[in-house]
Amino acid sequence: MTAAARLDLRLNPTDKARISRAADLRGMPLSAFVRDAVLREAETVMAAELSATLSAAESRRFMKALDAPFKPNARLKQAMADAAQLPR
């Protein structure tokens, strides 16, 4: 894989030494160690922020709502009627 973009980062010397030591312990170049750690954290954050966990009862209620026939309420009916009047 060819790197296409750079990410510059400023660290205090203590933090850099600590990260370098960890990379050495893994037998990895510093940049690869940092990249892998950052990508793991990014995946963790996205999984937590972009997914929802439902209890068994919530899951049943959600599935029941999905299976129910759709019934537009008065506000949606009005919005659809208003949209139909817009010029195309």
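Let me start at R88: this residue is exposed, with a relative accessible area of 89%. Exposed here means over 50%, buried under 20%, and partly exposed in between, with a 1.4 Å probe and protein chains only. This is a predicted model, so local features need pLDDT of at least 70, side-chain atom pairs count only at pLDDT 80 or more, and totals for chains, interfaces and linings use all residues. Residues are numbered from 1 along each chain as its sequence is written, and side-chain values use heavy atoms, with hydrogens and water left out.

Back to R88. It sits in the segment after α4 (74-84). Helices are DSSP runs of H or I, at least four residues, and strands are runs of E, at least two, numbered from the N terminus. R88 and A47 are 41 residues apart in sequence. In space, R88 and A47 are 40 Å apart, C-alpha to C-alpha.

Next, charge pairs. Side chains of opposite charge can pair when their charged atoms come close. The rule for a salt bridge: a side-chain nitrogen of Lys or Arg within 4 Å of a carboxyl oxygen of Asp or Glu. How many salt bridges does this rule give? The count is two.

Take R6 with D8. Their closest N and O atoms are 3.4 Å apart. Both R6 and D8 are exposed. R6 has a relative accessible area of 74%, and its place is in the segment before α1. R6 and A42 are 36 residues apart in sequence, yet 17 Å apart in space, C-alpha to C-alpha.

Now R35 with D36. In this salt bridge the closest N and O atoms are 3.5 Å apart. R35 is partly exposed, at 41% relative accessible area. D36 is partly exposed too, at 27%.

On to the largest pocket. Its volume is about 710 Å³. A pocket, on a 1 Å grid over the protein atoms alone, is an open set of points where a 1.4 Å probe fits, with protein on both sides within 12 Å along at least five of seven lines; lining residues have an atom within 4 Å of a point. Grid points are joined across faces, edges and corners, and the volume is the space filled by probe spheres set on the points.

Which residues lie nearest the centre of the largest pocket? They are L7, D8, S31, V34 and R35, out of 19 lining residues.

Helices α1 (13-26) and α2 (30-49) each supply at least two lining residues. α2 gives the most, with seven. By class, the lining has 13 nonpolar, two polar and four charged residues. Ala, Val, Leu, Ile, Met, Phe, Trp, Tyr, Cys and Pro count as nonpolar, Asp, Glu, Lys and Arg as charged, and the others, Gly among them, as polar.

Then the surface. L54, F62, M63 and L66 make a nonpolar patch of about 400 Å². Patch residues have over 30% relative accessible area and no salt bridge; nonpolar side chains are joined within 5 Å, like charges within 9 Å. M63 lies in helix α3 (residues 56-67). At 44% relative accessibility, M63 counts as partly exposed.

Last, D15 in helix α1. D15 is partly exposed, at 33%.

Conventions:
Accessible areas come from the Shrake-Rupley method with a 1.4 Å probe; for residues, only the protein chains shown count as cover.
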